[in-house]
Amino acid sequence: MKSLQIETASLSYPVFIGGGIRKNAAELLTSLNLPMTKLLLITDEEVDKRYGEELFSHLRSKWPVKKVAVPSGEQAKSIDMFMKLQTEAIEFRLDRSSCIVALGGGVVGDLAGFVASTFMRGIDYVQFPTTLLSHDSAVGGKVAINHPLGKNLIGAFHQPKAVVYDTECLSTLPEKEMRSGLAEVIKHAFIRDESFLNELHKMDSIEAITIGQLSEMVYKGISIKAEVVSQDEREQGIRAYLNFGHTLGHAVEAEYGYGEITHGDAVALGMQFALFVSEKVLNCPVDRTKIASWLKSLGYPESVKREVSTEALINRMMNDKKTRGGIIQFVLLDKIGSVRLHSFKAEEIERWLNMWRLEGDK
């Protein structure tokens with residue numbers, strides 16, 4: 001088992017990474033020295049079938065536990081599901097010394113974390129990520145639910161007390177979920193580590209990735225995020241760099257309809273557009289043709305669906321959390337590992353987006 005410490009202004013907490021460590025859940029949570037009078041275990045229906053009862057049994061050996069499974073998919077990050085979970089917490093008589101345990105991917109982590117951040121004005125929670133994508137979302141304390149007009153618009157900063165990352169869970173992920181998570185790994189490499197990106201570039205298929213490679217990806221990805229979050233917990237500065245590819249990515253997710261495209265596929269499109277703008281504005285030397293070909297070989301989409309209008313995507317970006325006073329904030333690259341924030345008027349982004357889409361149609 002590997003571990004690393006996340007250091008933020010508000011909290012320091014451990015991330016445990018290893019195969020099969022969910023089976024040591026009671027021991028690992030006990031080591032945190034938290035009061036934990038009761039636990040509310042929140043998972044989703046698919047993860048529950050594989051790991052829900054097992055983790056419930058391990059935790060129940062030590063604490064009173066209630067397990068609740070929400071529907072799988074992005075649609076679960078809704079105000080209705082948020083209220084249902086608050087009701088479950090109240091009926092189970094959680095108190096301020098209780099703890100919420102999030103078992104699942106990014107959707108469960110975001111939803112359960114937001115419930116924890118608001119129940120009785122905030123109680124503890126612990127993340128048990130089960131997907132590659134959640135190596136990113138489980139660390140850093142961003143918790144949220146969606147609004148029909150935009151992703152993650154209703155949320156908070158609420159750091160977990162620990163992250164227990166069992167890499168054994170990754171072996172059962174379908175290819176599309178692996179690809180979705182890999183996009184965030186690629187993002188971390190783009191913004192921070194060219195040698196890591198070069199290593200990733202040697203992969204030419206999702207199926208060929210080994211458990212050993214996955215463990216290394218998770219560790220490096222979390223290490224990069226930890227470094228950034230430790231300097232800027234609440235996204236007042238460099239934490240915004242972690243949004244590379246996300247401005248268009250979130251717009252695509254919302255415009256397609258949540259669940260119609262994976263987060264990672266949308267972010268992969270967003271990164272390719274960000275590289276296009278980086279080349280035009282900052283003369284970024286990245287070989288976009290080579291990157292596009294590699295991403296295509298891994299199964300990522302090549303372009304935004306034609307029936308989705310540029311105008312609709314711009315309107316979505318105008319509702320993005322990073323937009324200020326009608327000015328859209330974009331994360332661009334001078335070069336791999338060197339990031340710069342750039343502000344654009346909507347008409348500027350519209351022009352770049354039309355040019356990029358036209359390029360993709362050739």
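In which helix is Glu-184 found? In this predicted model, Glu-184 is found in helix H6, which covers residues 175-192. According to UniProt, in an unreviewed entry, the feature "binding site" is placed at Glu-184, His-246 and His-263. Although these positions are spread over 80 residues of sequence, they cluster in space, with a largest C-alpha distance of 10.0 Å.

**Glu-184 and its surroundings**

- Glu-184 has a relative accessible area of 1% and therefore counts as buried, since the cut-off for that word is under 20%.
- Once its neighbours within four places in sequence are left aside, Glu-184 is in contact with Leu-133, His-135, Asp-136, His-246, His-263 and Val-267.

- His-263 lies in helix H10, which runs over residues 263-282.
- With a relative accessible area of 12%, His-263 is buried as well.
- Not counting residues up to four places away in sequence, His-263 touches Leu-133, Lys-151, Ser-180, Glu-184, His-246, His-250 and Glu-253.

**Helix H10**

- H10 is made of 20 residues and reaches 27 Å from its first C-alpha to its last, which is close to the 28 Å expected at 1.5 Å a residue.
- Most of H10 is covered, as 17 of its 20 residues are buried.
- Just after H10 comes Asn-283, which takes a positive phi of about 55°.

Methods:
Residues numbered from 1 in each chain as written. Predicted model: local features only at pLDDT ≥ 70, side-chain atom pairs only at ≥ 80, totals over all residues. Heavy atoms only, no water. UniProt positions renumbered as here; feature names shortened; annotations may be inferred. Helix = DSSP H or I, 4+ residues; strand = E, 2+ residues; numbered from the N terminus. Buried < 20%, exposed > 50% of the residue type's maximum accessible area, 1.4 Å probe, protein only. Contact = heavy atoms within 4.5 Å. Expected span 1.5 Å × (residues − 1).
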